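Here is a quick tour of a model, written for someone who likes to know the cut-offs behind the words. Have a look at the structure first, then read on.

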Amino acid sequence: MSVRTLPLLFLNLGGEMLYILDQRLRAQNIPGDKARKVLNDIISTMFNRKFMEELFKPQELYSKKALRTVYDRLAHASIMRLNQASMDKLYDLMTMAFKYQVLLCPRPKDVLLVTFNHLDAIKGFIQDSPAIQHQVEETFRQLTEVYGGLPAGEFQLIRQTLLIFFQDLHIRVSIFLKDKVQNSNGRFVLPVSGPVPWGTEVPGLIRMFNDKGKEVKKVEFKHGGHYVTAPKEGSFELYGDRVLKLGTNMYSMNRPVETHTSGASKSLASRTQESIAPNPLAKEELNFLARLMGGMEIKKPSGPEPGFRLNLFTTDEEEEQAALTRPEELSYEVINIQATQDQQRNEELARIMGEFEVTDQPRQSASKGDDLLAMMDEL
């Protein structure tokens, strides 16, 4: 497992989250000033300096539930609110999109180009906010400093760590199914055509050498694909042609996106076991959340501006149905971590986890805008 994987995982998943939210804000005709505020607030929180400092510290990846909690908090960093079913769907789309990108990276190092594609698009969302742009560019410089000189072997380890993280996720996504890059069982289709990785040759030729290193024989073979030489290497500079299209916004065309959890191959029983089984890394996960969320500065909405609810489904009825049919085992609403014995961190953890506690039962309201994620009630 690579200890340099977490920043790439977080930034790419965050980029996909912003793509999806931008598409849904436009689809639901949210006024432009409110939509910009939502994206600006989330991006500002996501690229907060203290938060990034914690993120870039070498550390192991933690469970999907721990990371999911961070994205719950991040998605509610502004006046927008998501119901549980919409938050589930948002996270499903984020994870499957980045899994697809990691699988199709020609070289392990190209996962960095995927990250830069996400950052380039994020800068486009905040063109009217120089201060937030500076935050994003500072993160770009951190990425270049940390990952620019890593050897190919370390990038291979990072890619393997990411694939291990995603290996049990096989959720079907309508865009991928329509484009025939995903099978009905939720597994992705690897292409046998297109450019080969930069610095490699098109397959089809075997060269044989003698003990003196002189080429003595060539043998051609049929590879069954339609490969071409890569035109050029993508740019790893702050501004430049990335060449690679993975990580760009696939929602730029207004297409409805659906997810189908029935395509997941992991059994519900095993998911349940994952939820209730003692976790040997529980204390480390809670420490991870404490550090990460301690650096995440959430600004509570100020002034008279009301919040609004965003729906990741086409209609409210679809969202309600998804909430009813969603298996309980897939819920990430509560993280059961027992760390009461850790006296040294009690005060800090009480402060952070207190923000996720529900002290009163939510009042019934005629407005669905008041229907928030339970863990985010106090934000």
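## A salt bridge to start with

Which side chain meets that of Arg 242 in a salt bridge? That would be Asp 120, at 2.8 Å from N to O. A salt bridge here is a side-chain nitrogen of Lys or Arg within 4 Å of a carboxyl oxygen of Asp or Glu. Arg 242 sits in the loop between S6 and S7 and Asp 120 in helix H6 (residues 110–125), so the pair ties together parts that are 122 residues apart in sequence. Asp 120 counts as partly exposed, at 26% relative accessibility, while Arg 242 is buried at 3%. For those labels, buried means under 20% relative accessible area, exposed over 50%, and partly exposed in between (1.4 Å probe, protein chains only).

## What the numbers rest on

This is a predicted model, so to speak of local features takes pLDDT of at least 70, and side-chain atom pairs count only at pLDDT 80 or more, whereas totals for chains, interfaces and linings use all residues. Residues are numbered from 1 along each chain as its sequence is written, and side-chain values use heavy atoms, with hydrogens and water left out.

## Two helices

Helices (H or I, at least four residues) and strands (E, at least two) are DSSP runs, numbered from the N terminus. The expected span of a helix is 1.5 Å times one less than its number of residues. H1 covers residues 6–27, and its 22 residues should span 32 Å; the end C-alpha atoms are 32 Å apart, which agrees. H1 is also mostly covered, with 20 of its 22 residues buried. Just after H1, Asn 29 takes a positive phi of about 55°.

H2 (residues 32–46) has 15 residues and reaches 21 Å from its first C-alpha to its last, close to the expected 21 Å. Its buried residues include Val 38, Leu 39, Ile 42 and Ile 43.

## The hairpin and its patch

Strands S4 (residues 205–209) and S5 run antiparallel, joined by 5 bridges; strands pair if DSSP finds at least two bridges between them. Ile 206 stands opposite Val 219 in S5. The two strands form a hairpin with 5 residues between them, and Gly 213 in the turn has a positive phi of about 85°. How many of the 6 residues in S5 (residues 215–220) are buried? The count is 0.

Ile 206, Met 208, Val 216 and Phe 221 make a nonpolar surface patch of about 340 Å². Patches are made of residues with over 30% relative accessible area and no salt bridge, with like charges joined within 9 Å and nonpolar side chains (Val, Leu, Ile, Met, Phe, Trp, Tyr) within 5 Å. Areas come from the Shrake-Rupley method with a 1.4 Å probe; for residues, only the protein chains shown count as cover. Phe 221 is in the loop between S5 and strand S6 (226–228), partly exposed at 39%.

The structure holds 15 salt bridges. One of them links Glu 54 and Lys 57, with the closest N and O atoms 3.2 Å apart. Glu 54 is buried at 17%, while Lys 57 is partly exposed at 41%. Asp 110 and Arg 107 meet at 3.0 Å, N to O, and both are buried.
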